[in-house]
Each structure stands twice: as structure tokens, then as C-alpha cells.
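Please find below a note on the model under review.

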Amino acid sequence: PEDVDGFQDLDGCPDPLVATTLRVVDGVGRPVPGVQVRVLGEGGTGAGGATLSLGLHPGDYQVFATADSYVTTDQTVTVPSGVPTFSERVVMDRVWTTLILYVMDDKGAPIDEFWWNLDNGSNSPGDGMGLYAGKMDPGSHMLYIFAKDHAPAKARILLEPGKFAETSITLFPTLIEVTRDKIEIADKVY
């Protein structure tokens, strides 16, 4: 075996351990919550969470990472010889849900201009013609919908990983309009 000094001295002693840190992150570099990691190789094994620190001998290791709402990852990591420390990022891809949202008025006609958000986050516009379609985080969410001249609506939705979720929301016309100088209620001005 090759020792840290680079000479093959055939003394049977393996190279010293390398202080190895593995960080499991998503596509934007955030730690993956609830991840379970397994490291397997001839020079050692280990298990842990989003940040795993262990001593490994130089060589190749299989890193397996699994977490809810993420694609299970199997990645080969090579721990180099001749270094005291080594750090590697393992990137997991998110499993998204596709939300298809239809927004209509009380007569069934699409509402062209509406805004929506999940869990009181930032408002996003619809795509026009009473429709929005896009990728969302899986899980249980509160959906809020707003449109001019209509009362807002909310609905609890469950978005399952890797599946399509279609939801129709009906918004009803408002009976009250408040401006700087008047309040109009059902065609009466005060």
C-alpha cells in the first residue's frame, strides 16, 4: 500500500485517516432537511445527516442519501491521499409537484387577472385566462387567491411529491367597494 509520503513501503500499514466532511445540499446549496446518509467503502463506513464528519482512508466511497421530497442519490466520492482534510458536497435533486390552478368567477368564466400565494408567501400573478401552472414544494399548504372586484378565497391543498395537483377556485364578486371619498355597498353610495 501507498503511504502518505508517496512511497510504496509494503509495511502493510494503510495511509492515515483523512478528516472528511460531507455536506448534503439541494440544488441551491441549502442543507437537505431530514436527510439520511450512508457511506460505504473499503477504507471505512459512516452514517449521519446533512453534515457528516468522519475519518476515512484515501479511496473511493459510495455515498447514499435519501430524504422526503428528494430523489435518492448514489454518488461516488474519492477521498484523496496526502491531505489532512477533505470536503465534498453531495447534491440532491428536489422532487416537485406540478400545481395547475384554475380561477373562475361565480358564473364559471375564467378570471384573467388574479394573484395567488402559498402559506402567505409572496403574491404571484396568474398566467392569464384564469390559469396558473408551475412547480411547487410538496406538502400541505394554504392557498390564497385574490382578484380585483372579487372577494379573496383560500383553500387547503395537499401537493404530493412527483404528482400533478389540479385545483379550481371560484371567486365571488365583492359587494363593497371602498375608495378615498366613498363606500359603495351593493349599488348604494355612502
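Does D26 count as buried or exposed? At 5% relative accessibility, D26 is buried (buried means under 20% relative accessible area, exposed over 50%, partly exposed in between; 1.4 Å probe, protein chains only).

1. The model is predicted: local features need pLDDT of at least 70, side-chain atom pairs count only at pLDDT 80 or more, and totals for chains, interfaces and linings use all residues. Residues are numbered from 1 along each chain as its sequence is written, and side-chain values use heavy atoms, without hydrogens and water.

2. The structure holds 3 salt bridges (a side-chain nitrogen of Lys or Arg within 4 Å of a carboxyl oxygen of Asp or Glu). In one of them, D26 meets R30 at 3.0 Å, N to O; R30 is exposed, with a relative accessible area of 54%.

3. R94 and D137 form a salt bridge, with their closest N and O atoms 2.9 Å apart. This pair links distant parts of the chain, 43 residues apart: R94 lies in the loop between β7 (85–91) and β8 (97–105), and D137 in the loop between β11 (131–136) and β12 (139–146). Strands are DSSP runs (E, at least two residues), numbered from the N terminus.

4. A67, in the loop between β5 (59–66) and β6 (73–79), is buried at 10% relative accessibility. Its C-alpha atom is separated by 6.4 Å from that of Q36, 31 residues apart along the chain.

5. I185, in strand β16, is partly exposed, with a relative accessible area of 34%.

How values were computed
Helix = DSSP H or I, 4+ residues; strand = E, 2+ residues; numbered from the N terminus.
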